[in-house]
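Trainee: I have a new structure to read. Can we go through some features together?
Mentor: Gladly. Here it is.

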Amino acid sequence: MSSEGKKSILVAVGVVQNAAGEIFVCRRGESQHQAFKWEFPGGKVESGETVAQALARELEEEIGIQVSVCEPLMRLEHDYGDKRVTLDIRRVTAFTGEPHGREGQPSRWVPVPELHHYDFPAANRPILDKLLER
Ligand SMILES: Nc1nc2c([nH]c(=O)n2[C@H]2C[C@H](O)[C@@H](COP(=O)(O)OP(=O)(O)OP(=O)(O)O)O2)c(=O)[nH]1
Ligand SMILES: [Mg+2]
């Protein structure tokens, strides 16, 4: 069934980078949309929240870090057919805490040139292109 006319879900996504330039990625669980794909941590923006607030909350919940500095990287829309998402992607350049899969999800630091070895959701293609061009 087409999701045409359906409202897009706004998602705050964090590209968390360490001093070595590696990026922290997690694997989605079996019961989640886009199951088993690798992702940048983040989640839905709740009503009354700004994207920055949602990002801070999601990164605390999912990977146990506190965001100190983030900057917009890009915003994109994608239609999965069953679901339409708007991803607001922020680069997180300063944070406290050590990222880990706080919900038991597999997670790891990956050097940027190796990101393309990971199976990300289709919506992520432009994000990878952008990261790889730097
Ligand atoms: N976090 C994240 N979500 C992504 C990425 N790429 C992508 O298409 N998505 C999609 C998958 C989901 O449909 C949606 C994110 O929702 P989510 O499932 O993470 O939301 P949430 O953390 O609030 O979790 P939940 O409680 O609903 O499981 O955005 C990505 O790189 N990171
Ligand atoms: Mg999430």
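Trainee: Is Glu62 buried or exposed?
Mentor: We count neighbours. A residue is buried if 20 or more other C-beta atoms, placed from the backbone, lie within 10 Å of its own; with 12 or fewer it is exposed, and in between partly exposed. Glu62 is buried because 21 other C-beta atoms lie within 10 Å. A caution: this is a predicted model, where local features need pLDDT of at least 70, side-chain atom pairs count only at pLDDT 80 or more, and totals for chains, interfaces and linings use all residues. Residues are numbered from 1 along each chain as its sequence is written, while chains are lettered from A and ligands numbered from 1 in the order in which they are written.

Trainee: Where is Glu62 placed?
Mentor: Helices (H or I, at least four residues) and strands (E, at least two) are DSSP runs, numbered from the N terminus. Glu62 sits in helix H1, residues 51–63.

Trainee: Which residues does UniProt list for "binding site"?
Mentor: UniProt positions use the numbering here, feature names are shortened, and annotations may be inferred rather than shown by experiment. The unreviewed UniProt entry lists Gly42 and Glu62. They are spread over 21 residues of sequence, yet cluster in space, with a largest C-alpha distance of 7.5 Å.

Trainee: Which residues does Gly42 touch?
Mentor: Contact means C-beta atoms, placed from the backbone, within 7 Å. Not counting residues up to four places away in sequence, Gly42 touches Val11, Ala12, Val13, Gly14, Leu55 and Glu58. Gly42 lies in strand S4, residues 42–44. Gly42 is buried, because 25 other C-beta atoms lie within 10 Å.

Note on methods:
Contact = placed C-beta atoms within 7 Å.
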